[in-house]
Each structure stands twice: as C-alpha cells, then as structure tokens.
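Here is a short tour to read alongside the model. Please keep the sequence and the 3D view open as you go.

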Amino acid sequence: MDLRVGDVVKVEKDEFFPADLVLLSSSYEDPICYVETTNLDGETNLKLKQALQATSYLNEDSAFKDFRGIIRCEDPNANLYSFVGNLDVAGQRYPLTLNQLLLRDSKLKNTDYIYGVVIFTGHDTKVVQNSVTPPSKRSKIEKQTDKLVYLLFAVLVLMSFTGSVVFGIATREDLQHGRMKRWYLRPDETTIYYNPKRAPIAATLQFFTALLLYSYLIPISLYVSVEIVKVLQSCLINKDLHMYYEEGDKPAHARTSNLNEELGQVDTILSDKTGTLTCNSMDFVKCSIAGTSYGYGVTEVERALARKKTSSLAQEKSDEDFHEFYTETNPLVKGFNFKDERITNGRWVNEPYSDVILKFFRLLAICHTAIPDVNEENGTVTYEAESPDEAAFVVAAREVGFEFCERSQASISINELDPITGKKVKRIFELLKVIEFSSSRKRMSVIIRDEEGNLLLLCKGADSIMFQRLASNGREFEEHTRLHINEYANAGLRTMVLAYRQLEEGEYQRFNEEFTEAKNMIIADQEKLAEAVAETIEKDLILLGATAVEDKLQIGVPECIDKLARAGIKIWVLTGDKMETAINIGFACSLLRQGMKHIIINSETAEFDALEKSLNESEASEALKANILHQIEKANDLLASSNESLSLIIDGKALTYALDIDVKDFFLELAISCSTVICCRSTPKQKALVTRLVKLKTRKTTLAIGDGANDVGMLQEADIGVGISGFEGMQAVMSSDIAIGQFRYLERLLLVHGHWCYRRISLMICYFFYKNIAFGFTLFFYQAYASFSGQTVYNEWCLSLYNVLFTSLPAIALGVFDQDIPARLCLKFPVLYQQGVQNVLFSWFRIIGWASNAIFSSICIFLICILGLEDQAFRRSGEVVGLEILGATMYTCVVWVVNCQMALSINYFTYIQHLFIWGGIALWYIFLLAFGAMDPSISTTAFMVFIEACAPSPSFWLVLPLVLFVALLPYFTYTAIQMHFFPMSHQMIQLMYAQSDDTEFV
Amino acid sequence: MEGDGESVSSSASTALVAADVDARSILVLRGGRSKAMYQFTQQSLPACKPVLTPTSVISTLFLMGIFCIPIGLLSLHASLSVVEIVERYDSECVPHQFRLNKVAYIKDSLIPKNCSRYLKVPKYMKAPIYIYYQLDNYYQNHRRYVKSRSDKQLRYGLQYNDTSSCIPEESNDGLPIVPCGLISWSLFNDTYSFFRGTDELRINRKNIAWKSDRDHKFGKHVFPFNFQNGTLIGGAMLDPNVPLSDQEDLIVWMRTAALPSFRKLYGKIEEDLEANDVISIYFLNNYNTYSFGGRKKLVLSTASWLGGRNNFLGMAYIAIGSCLIVLALVFILLHVKNPRIIIT
C-alpha cells in the first residue's frame, strides 16, 4: 500500500508510524497519545503528543466523511526538534507544532489507536532525512599499504626500465655492421625479443618481461593474507570471553573484519550517552526533606572519587572485586536504590518533621504525568512515564508507602499509609490542573483538591528556578537543602526541588480563567502567555525538600573512560539530553573532573531569547551566530592563557551555528584542544556532522559508539562505528562495524584487541614487504649478471611457491597470534595505546627501515652466494656450480633468512609459530627433495639438485649460516640497541617483566 | 566444533564472575581438547616470549662469534691447501700478426690454431688434479641461450620433433639437428694436451659430468645427427657414433653456468705433480671468444673437502665472527657504563 501525502491513516497500539503524520485524534477523549522515539533519539521514555482540539472529534472512520482541511507546513528537513505549520479547518486557522507531529519509525504506545494525516513520506520524512548513506570503510593502514604498493610499483617500473635499457644496449651491440658480437646467441637470426636490429622493440618487450619477473616485489598475496588474518582476528574478538555480556547473552561481534587494526589507532571517541554510557534507567537514591538528608546509597561518582584517593594497590584490589562490588549495589526494585531505615518500612512517621515527609512523598506520588499499569494478577503497579526520572519518583513514592494506583481524567488515587492507624487507605485527589514541564520553565506543577477540600499547588523543578519562587515563610529549610543539593550534584545526581503552596479558592478561579484563556488563544506566543500566567501562581512556595536521582551508569563506565583517557584518547559525548543532565553524567563517568575548566557555549540564555524575539529570523540567526562566534573566541583566548585541561560543553542550537562553514574551523580548533567535549541536544544529523568534521579536521581515527537508531549516522560516518547491542533494537548494531554488549568492553576492545591487531597487521605488512623485496631484489641483482635478459636464477616452481608455501604461513601466524605483551599488561599500561594513535609501528620511517633491511638482506644473500660459490670447484669431486645449484642455494638462503627474520621480529612463540616458521623451512627441503625426485621433464633444473649436488657439499651448508648471520645482524643489533637505549613503550614493559620474576605475571 | 563452542561459552558465565584463573581451572577439568580450544580462542596459549635482554643479546652475539671463527679458520685452511694454477691463453695464443684483428684470426679456418705454453708447478699437487677451462664475459645465462635446447630431444632423440625452442639451430636442410639449440651448437672446442718433459700426462675425460645428467637427461640411444652441418659452424663437432650420454664434454657444457664468468671441468689428471715440475701444454685454440671480448683461461686445481680455492668463505666467517665478538664487547661496555634506566 503506497501512502501519499494527505492520506489519513489509523495507527494502532505498538505499531510504528509509517510516515510523518500530523496527529488528528486518538482513542483518548483528550486527543493525546504516547509515542516511543527510541529509534530516533535513543530515549525509551514515552513522549506525549497532543492533537488540536479542533480535530479531536475525528475519532472514528466515519467522522472523516465530510472532513476537509488544508495543512501548510515547512519543507522536508532533518530537524527532529522543530516543526512549523498550520491547519485550516472550517475557515479557522490553527497553528501546528511539534506536539502534533508523529515521526516515522517512532512507535505508538499506551494508546489504542490514533488518526493522523500524512505530511511527509519516504525520503521526505525526518528520519530518512537524518540518515546518511553507508560509506565503505577501509582502515588507514590499508590505505597506507595501497600507497606503499604504488610506491613499490614505481620501484618495479624503474627497475624494469633500467634493466630493459641495459638489455637494449647490449642487444643492439650484438650485431654491428654485420658482425656478431655474442655469436653464440645468433643475433643474426633471432626472434623479435632479442633482435639487435630492432633493439628498442626488444627492449620494450623486455620491459614487460621484467615487470612480470620482478613482480615478486609486490606482495599480491599480501592482500589475501591480510584478509585471512583479519577474519581470524575477528573470530578471536568474537570469542573473547572478557567481552562477553552474560546478562544479555551478547558476545562481541566484529561485523566487518576490515577495521581490526584501526581499533588500535583511535584518537577520538564520540559517544552517545543514553543507553551507551548509562543504562537509561534512573534510580531514586537520596532525598533531602525538611533540611535532613536521607539515603545512604553510594553513587558511581562518589565511588570513582573515593577510588582515585586510594592508593594504586587498593585500586587493584577493587578491580578484582569489581563484579561483586556492583552486583551488591544493584537495586531490587528498578528505579529505587534508596536505603535509609529512618524512612523505609513506614518508619518515617517517627521522624521529627513527619508532616513534611508526608507532603514530600505525596507530592512525588501526585505531581507527574505518569500512567499506572496495574497488573491484574498480583496487583502490582508499574508505571509508564514520560521520562525515567519521573518513573523513579513514582516508584520511590510507592516504595515508601504512597502508591499511585489510578489516574483518571480529573483525579488521582493513591494508596497511602495512614500515619495514625498504620493502615493503607485509598485517597483520591481531585486533579484540577496540570501545568506541564517545559525546558524553559524547568518545572511542573499540578493543582489538586485534597479530601479535606484544600486547594494545593504542588510543584517540582530545577533548583535554579525553584529557590527564587519560595515564599518568605517557606524558606525554613532552604540553607540545608541548598547544601544537600550541592552535595548531590557533586555526587553526580540529578536533583529536583519540591515545594507546595496552599491556594485560596478565589485565587485559583482567577488563575483558571486566565490560564484557560491563554491556552485557547491561537497565536504563536500562546505558550509564552500561558507560561506567564502560570508564573503568577507558581510563587510564594513552601519548600519541602529535594530529590536526587541517579542516572545509573553502566557497569565499569567511569573506570573504562578513565583508562581510555589515560590511553590518550579524547572522548566526546554527543547526546540528545539536556545540558544539565549531560554535565551530570559527564561528572559521573569521570569525563568531567574537578579542577577542569569548563567552557559552556549555550544558546538557551535570556540574551538569546531576547535576540530571537526582537529580530526577524535571518537577522536573529546572524546575531546568534555572531554571539556564538564571540563565545568561541573568548574560549579560545582562555585556552591560550590557561594550561589546565579544558572541557567544552555546547548545546544543539549553538552547535548549529558553530558548525556553519565560516565558524566551524574556530569551533573545531577549540574543541580539538579540549580533552572532553560534550554536545547536548544534538540531532542525529548533527552527531554525524560533528563526527565527520572531527574526522576530517584531525585526520585521525574516530570511533563512534552508540546504541540507538539515532546513532546510525554517527556510526557510519566515523572511521569505526561500535554498536552497543543493548536492549534498544538492532539499528545501531546493524550499521555498526563492531558490536559489543556493554560500554566497558570498549576498553578491552581498544587497548587489547585494537593494540594487538594494529601491531600485528602493521608488523605483518612490513614483514610481507620485507620478504618480497628481499626475494625480488635477488632476482634483480642476478639480472645484472645475466645482461638483463630475463633469465631467473630460480626454478619456476620455486618462484611461484615462494609466497604460498614457504613464507606466508608464519606471516599469517604473526598476524593472528603475535602479542607484544599480554592482555593484562595492555590494560595495565594504557599509554601503550599511543603507539597506534601516533602510528609508530607503521610510520614511513619504519617502512623504509624494513625495506632497507630487505634490500640489505638480498644483497647479503646474493653477494655471499656468488662470491662464496663463484667459479671454483664447490666440492671435492671437482664439479662447479651451475645455474641450478646457485639457484637452489640462494633460494635456501632466502627461505632461511626471511623465516629467521620472522622469528627475530615476533615476541610470542606458541607451538603454532614454531610449526609455521621452522615448518616453512623444513617444507622447503622436503619440497626440494620431492620435486627433485620427479622426472626431469617436470622438475627440469631442480632435478636431483639437492640430493646429488647440494646436500653432499659442505660449501652449500657453509654458505647458509654466513648469509644468515650477516643478513640478520643489522636488524638484531638495531633492535638490541633500541631495546637498551631508546626502548619503545612495549619494549620497556617487556624488559621490566622479563627481568622481574616471571611467574608473578603469568 | 559446535559443541565445543557452547561448552566454552556456557562456562564463560562462571569465568566472568570469577577471576580468570578460576575459569581456566574449570576448563582444565573439561579435558585437554577444550582447554586447548579455550587457550586458543582466549589467546592465552602457552608461549615463550623471548625478550632481548642485555644478557641474552650479549650471550647470543658471543655464541655466534665463537661458532663463526673456527668455521672460518677451517674453511680458510681448506681453501689455502688447494693448489691452483691459472693460465690465460686467449691473447697469447694469437700470432703477433693477428693481435690487432683476433676475430679474423679465429674465423680463418686455414690458420693453424695450435699453440703451446709452459707452466711451472708451484707446489706439490696431489691427484686428482682437475683441469678447467674458464670463460669470462660469456653469457651462458642469457635467457635466449638457456632456453635454446630441447631436453626431450636430448633424452629421446629424433622421436621427439617439437624442437621449436631450439630455433634457429633446430634443423638444417630440412633435417632436424640432434642435439639442437644454441647451447650445443656453441660447444666449447679448444683442446689441451699436457706433457711433463716428454711424457704425455693422461687426461681422464670420463666422469666429469653430473651422474644424474648422464643417466637421466641425455639418452643412451641418442646419437648426434646432422650436427654442425650448417653454413655457420658454432663450436665443436660431435662424434655421431657416440651416444649423447657418453659425450661428457657436451653434458658439462650444457649445464649452463650461472654467471658470465665460469669454469667448466675439462678433465682430470690422475697423477701427482711435484713442485717445480714444468708442464708443457699444447692448445688447439679454436673457440671464438674474441668477437665479444671474452677471456679464456686454463685452470689446474686440486680440491679440498670444500672444493676449489676460494678464500672468501673463510675470510668472511672470520670477519663476521670477529665482528660479532667485538659487538658483544661493545654491548658489555655500553651496558656497564650506561646501565639502562627503567622508567616506570
């Protein structure tokens, strides 16, 4: 069924919206509905959408019969958080806002059905506008390898060219004025390949022959081997038990094997917050009531701080107790981690201010927009709340004894513990008004009438707002509460201040009229008017206390981030959350630390609002941009002047301006020099954009990690996308390169697997070039002695089996198994990770070093073989060395040298390495024997060459160790000197542990 | 395999909670195969991890040095024990009037090519004394040259007619040439005879080729045919009545040399030569090396266990051995003077 713009659709409970819709009506009388936008922003909470009253009657199919309306709205765009439009119905024009917009890929919840009209379909929907085409990813090392191959190809062409020129000259001279020079080649009667009369053509053809001959320089098998190695590496990543998430039964899963080594080079991590750093569940941990702080729970931040204070010895101990430590503190009730026997089990009645405590929890149970979901079988109540915070409040109230059990259009019922009788009684509060939360108001209120008929305004909100609105007689506990709030904030908790006010009947009536009037106005400023009205009544409040909720971090997140920071990785958090929340989380997961200077670039200031109001749109945006630029410049000055570590916090709107073409360079310059960057309120597109900019600007490897569909763009844009295969659907995982179960596994993924893979691949590639250059150059040198005619010194079969049989397997084993230091030490010394970030193991210096080593080796092999075997008899019975014997000897030397070079360069000998390295050499002898035993028509020059000529000759055996020692001595000496005097970090660690007691570290 | 994987992952749960060691011990109980599998997948296979500690570096260098020097001394001794006489004769054997145009001399079949030289044996030479001819600047390893032969024809003779690789020496007057190709066509044809005083020294020209060549590569029933009958004569003629497997000079020649300067075994003198013996050598200087500026030398040499005279191996071993030991000493010195600082 094809949907078209203007179609009216009915969507039922738990269905996804098929397109972007404008909500017309719902199964509720009040035309509201709840949607879950997990796929868009990763948030699991329910969002409330409300249709216009004007269309609310359209709640059955037949109602649409005579319905006509015209919607005018903005063009399709990627902004999920704004929508402008209006609806003409029956001659009236109503404004449409985000409140009426249902986005494709979000889900209808808790509502039986809705009717909506399609406004954007297919590619025009906001979700699709936010998506980015998946790019193909290749690792930096691979790209560098390509360059290397081009370079080698250039060398190859140069070699072939030189050879063919020399050959051409020699060939031309063979026949001059009818006189043959090298008559034994019969230059007078020859083929085009050797024709002296047409030497240029012969030389050109020779050029191509040489290209083929020296093509051994270019390790074609490298690509195949690297692919094999990477697949095996991925298998090992997938199988790592340390990255197996038991609760979710989720092992790590490398979905592409392309990027293993890139994991070892990550410079910047861009992380989503909700569901990635946090579990996306809020726990009620503490509260301050009537100036007394309740709740003994220890938060992550406190733990992290405590850990930092203790010595490293104690830290190790705590690492060991890691799992125990966390299972212990897991709350029994989701959302409630409050421990204080003064309050729980009804004991709060004995506290000095029990009346305040009563009001406090009653407020928590009433002042919210959650919906109870009573389980018929056992009578337990669960809540569907707009945000996990709110759910935590309701749950907390329930646990303490104020069970919110029913919500109707006009009332709220609570099962409450009666302090006097000690029994449960059901109280019904008449719900008169809900003044909803908005980010500008930062508070929400309800007005109720209790059973005694008192009119009460219950209000909860951010401390910054609430303390201003307290009545002079309501500030009794202010001082203590403020103190506690600071404490809570330092402990990384989200705080909320609770207050109430008794209303006069007349006052309420007046308010009600004004408020309703404001609400019903149909002007753009309607919301502001309503706010202004609400402000008149939300004042003179009496403070009750404050709550503290912990957005529970995933296990091990602070430790992991700390490790990653110590490994020198910059961490950016890109989140759709509010700034306050983001900052809190930043503290909780030790992204932001005390003593760090914070730079906050914010668009939600009064100044901004004023600007937006006073000017028209384009002027306003100009002014805003100028303002942002000014803030960035100021921050840059600060950066230049201070040497403390800085963190940058920027919100979504400011980010929009900061990412404008002319500002973005300033912004990125600032952002890159900060050790932590937090972008709040960012859209999926912005996340992807930031990721791309960071990638392009720093030219370093970026890793994005996220779990929701809103992170897809970011994951695809980053060099590596890591998906958390949490409980939030599969979109992120499907578009990621590597999926892990929990954020904390990132540590092992990067520091251990990343480091290893980087090291393995870079060493393997270097080694491949080494072995092929060493081999290829012997061919070239030999050409110089064969007048570049293209004759190979080795048997053809040996030539083609070089890569396949004798040398590739050790390289593959290196690529799969080599470890410079064991995993434990990789984690213990995160500094080691910088090797990958700075790319020291695959720098051009190192590559050139390997290439020179290869050329040196081939010179050794060639010169020692020809000088040692030269033209004298090479054994007692007087025979001399022919082409095949020299070939066999040189080949033996090559096989030994490259395999021993391998043995020298790896640090980790399992039986597999032994098998492959020594096996490769043994295989060569076996091959020589077997091949030599075949009929001469097959084996040609290799016929019995080993058994008859080489094996019984001492010279054959004596040349070998000499070649070996000489060829490997420079590398050995270089490594030894480096190890002693300029050790690289992994060598330092190796030495430290090699010299100390070994058993301690197994 | 499937089952294995499961057992590993199911025990994984325990492994996660408990320390790593415990998990390992649990798996040990499950038998060797799964243990090996566990170690494999967890990348904790038992391994030796050689580290270049000062001690290991110094001792390795020393050991290698100590290994090299005796070998070097032995090889050098062997090489020095060989008595070798090298006599270049390509220019000396050209009569004075042809010195300016040697090519004309060699090409003129009317000019007699014989020539004689005297050699004084510098030291006692024990039989067998190998006679080599040495050619310089002769590219037997030229691709065209190396390929210009037919192994099958050499082995099976005329029955085998695909001799395209031998062009242009594959047929003459419509008849195939056996052995075909440039290599056999350009067979070396100088001859030597040796006299001590008036006694001719017998030269044994048998058993100078590799046995495998004689037995397997050159047919016992293949006889030269239509060989050197063309207008352009290259090198030596072959006796059409002797099978190829017995034509050892041909077999030797056809094992192409690796380098442009090479020796080939000509024969053996099977009696000892005393020091100061004067040997007169009669050459037939037939082979044309003049047109490409090649040199011809006659070499008489004894052989040690290591073969002919070549000091290179011995010297190189001694050099590298001393190098290693010096390096070891330098390392000791550096290490004592400048102990490594461990940065923790």
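Where is the place of B:Pro168 in chain B? B:Pro168 sits in the loop between helix H7 (151–156) and strand S4 (171–172) of chain B; helices (H or I, at least four residues) and strands (E, at least two) are DSSP runs, numbered from the N terminus.

## About the model

This is a predicted model, in which local features need pLDDT of at least 70 and side-chain atom pairs count only at pLDDT 80 or more, while totals for chains, interfaces and linings use all residues. Residues are numbered from 1 along each chain as its sequence is written, chains are lettered from A and ligands numbered from 1 in the order in which they are written, and side-chain values use heavy atoms, with hydrogens and water left out.

## Backbone details in chain B

Another cis bond runs from B:Ala127 to B:Pro128, with omega near -5°. B:Pro128 lies in the loop between strand S2 (114–120) and strand S3 (129–136) of chain B.

Have a look at B:Asn207 too: its phi is positive, about 55°, although it is not a glycine. B:Asn207 belongs to the loop between strand S8 (203–204) and helix H9 (211–217) of chain B.

## Where the chains meet

Chain A brings 98 residues to the contact (heavy atoms within 4.5 Å) and chain B brings 99 residues. The buried area is about 9000 Å², with 66% from carbon and sulfur atoms; buried area is the accessible area (1.4 Å probe) that two parts lose on being put together, summed over both.

Three salt bridges (a side-chain nitrogen of Lys or Arg within 4 Å of a carboxyl oxygen of Asp or Glu) cross the interface. One of them pairs B:Arg255 with A:Glu884, whose closest N and O atoms are 3.6 Å apart. On the chain A side, helix H33 (residues 954–981) gives the most, with 17 residues.

## Two helices in chain A

Helix H3 (residues 140–173) and helix H24 (residues 745–784) of chain A have axes that come within 12 Å and cross at roughly 5°; axes are lines fitted to C-alpha atoms, for helices over the stretch in contact, and angles run from 0 to 180 degrees between N-to-C directions. H3(A) and H24(A) are therefore roughly parallel (angles under 35 degrees).

Residues making this contact include A:Leu148 and A:Met159 of H3(A), together with A:Phe769 and A:Phe777 of H24(A).

Conventions
Parallel < 35°, antiparallel > 145°, perpendicular 65-115°, else oblique.
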